[in-house]
Amino acid sequence: MNHLVHLFLSDPTEGCRLGALMGDYVKGRLDESYPAEIHWGLQLHRKIDRFAETNSHFQRSKRRFDPALRHCRGILVDVAYDHLLALHWTDFSATLLEEFAADIYRLLEKQHNLLPPALQDAAPRMVAADWLVACRCKETVERVLRRLSGRLSRANGLGGGLTEIERHLPQLESDFRGFIADAQSYIEQLSGRPDTAARGRG
């Protein structure tokens with residue numbers, strides 16, 4: 001749901017980025033069948049998700065949304081943060097978002113056989129629709145929210161979530177920037193990173 005943020009925060013190695021993408025599709029205990037860098041990317045994805053659960057900026061963003069959205073507020077923050085990162089990408093990276101996205105799409109095609117089945121199905125659509133770049137557009141945000149709303153078993157207000165994001169966008173941007181800074185500091189202190197991934201961050 002927030003592929004771009006996880007990719008941005010991952011170590012800049014193919015394996016770690018692949019794990020960052022796979023994180024929403026791999027559930028349960030992680031076994032040792034994954035190569036070290038992918039295993040680390042999966043771990044890092046989960047660590048970032050847990051970090052967000054207690055981060056003051058992320059939690060403040062959740063509270064900005066209509067309480068009637070209940071558990072969906074976290075999903076809305078995820079989508080909003082991807083949108084904001086795409087909008088302000090040049091503030092965080094010297095690489096153009098289009099170039100970064102193209103590298104990710106090539107990685108998905110190159111390592112297609114390693115992807116979980118659900119991501120194998122989603123990857124061609126991600127590439128064809130240029131998801132990582134398109135999420136800077138409000139129309140894409142609206143489509144994503146409607147698709148997510150339809151996947152949930154319970155009635156929810158996610159389909160109209162773009163209105164909530166637009167209503168609070170300046171405040172969300174402030175939260176987002178604080179969250180990214182906190183997350184980067186947190187990640188730098190983590191242990192367990194494979195040597196190759198550690199070199200990649202240097």
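## The second largest pocket

A pocket here is an open set of grid points with protein on both sides within 12 Å along at least five of seven lines, and its lining residues have an atom within 4 Å of a point. With that in hand, let us look at this predicted model. The second largest pocket is lined by 23 residues. Asp49, Arg50, Ala52, Glu53 and Asp78 are the ones that lie nearest its centre. The space inside comes to about 440 Å³.

Where does the lining come from? Helix H1 (3-9), helix H3 (36-54), helix H4 (56-64) and helix H5 (72-87) each give two or more residues to the lining of this pocket. H3 gives the most, with seven residues. Sorted by class, the lining holds eight nonpolar, seven polar and eight charged residues.

## Salt bridges that span the sequence

Let us turn to the charged pairs. The model has eleven salt bridges. One of them joins the side chains of Asp11 and Arg193, at 2.8 Å from N to O. Asp11 sits in the loop between H1 and helix H2 (14-22), while Arg193 sits in the loop between helix H11 (169-188) and helix H12 (195-201), so this pair ties together parts that are 182 residues apart in sequence. Are these two residues buried or exposed? Both Asp11 and Arg193 are buried.

Another salt bridge links the side chains of Asp91 and Arg177, at 2.7 Å from N to O. Asp91 belongs to the loop between H5 and helix H6 (97-110) and Arg177 to helix H11, so the pair ties together parts that are 86 residues apart in sequence. Here Asp91 is partly exposed, with a relative accessible area of 47%. Arg177 is partly exposed too, with a relative accessible area of 29%.

Next comes a pair inside helix H9. Arg146 forms a salt bridge with Glu142, and their closest N and O atoms are 3.2 Å apart. Which spacing separates them along the helix? Arg146 and Glu142 are four residues apart in helix H9 (residues 138-151), so about one helical turn separates them.

Arg146 has 52% relative accessibility and counts as exposed, because the cut-off for exposed is over 50%. Glu142, at 27% relative accessibility, counts as partly exposed. Finally, salt bridges that share partners join Arg60, Arg64 and Asp175 into one network.

Conventions. Residues are numbered from 1 along each chain as its sequence is written. This is a predicted model: local features need pLDDT of at least 70, side-chain atom pairs count only at pLDDT 80 or more; totals for chains, interfaces and linings use all residues. Side-chain values use heavy atoms; hydrogens and water are left out. On a 1 Å grid over the protein atoms alone, a cavity is a set of points where a 1.4 Å probe fits but cannot get out, and a pocket is an open set with protein on both sides within 12 Å along at least five of seven lines; lining residues have an atom within 4 Å of a point. Grid points are joined across faces, edges and corners, and a volume is the space filled by probe spheres set on the points. Ala, Val, Leu, Ile, Met, Phe, Trp, Tyr, Cys and Pro count as nonpolar, Asp, Glu, Lys and Arg as charged, and the others, Gly among them, as polar. A salt bridge is a side-chain nitrogen of Lys or Arg within 4 Å of a carboxyl oxygen of Asp or Glu. Buried means under 20% relative accessible area, exposed over 50%, partly exposed in between (1.4 Å probe, protein chains only).
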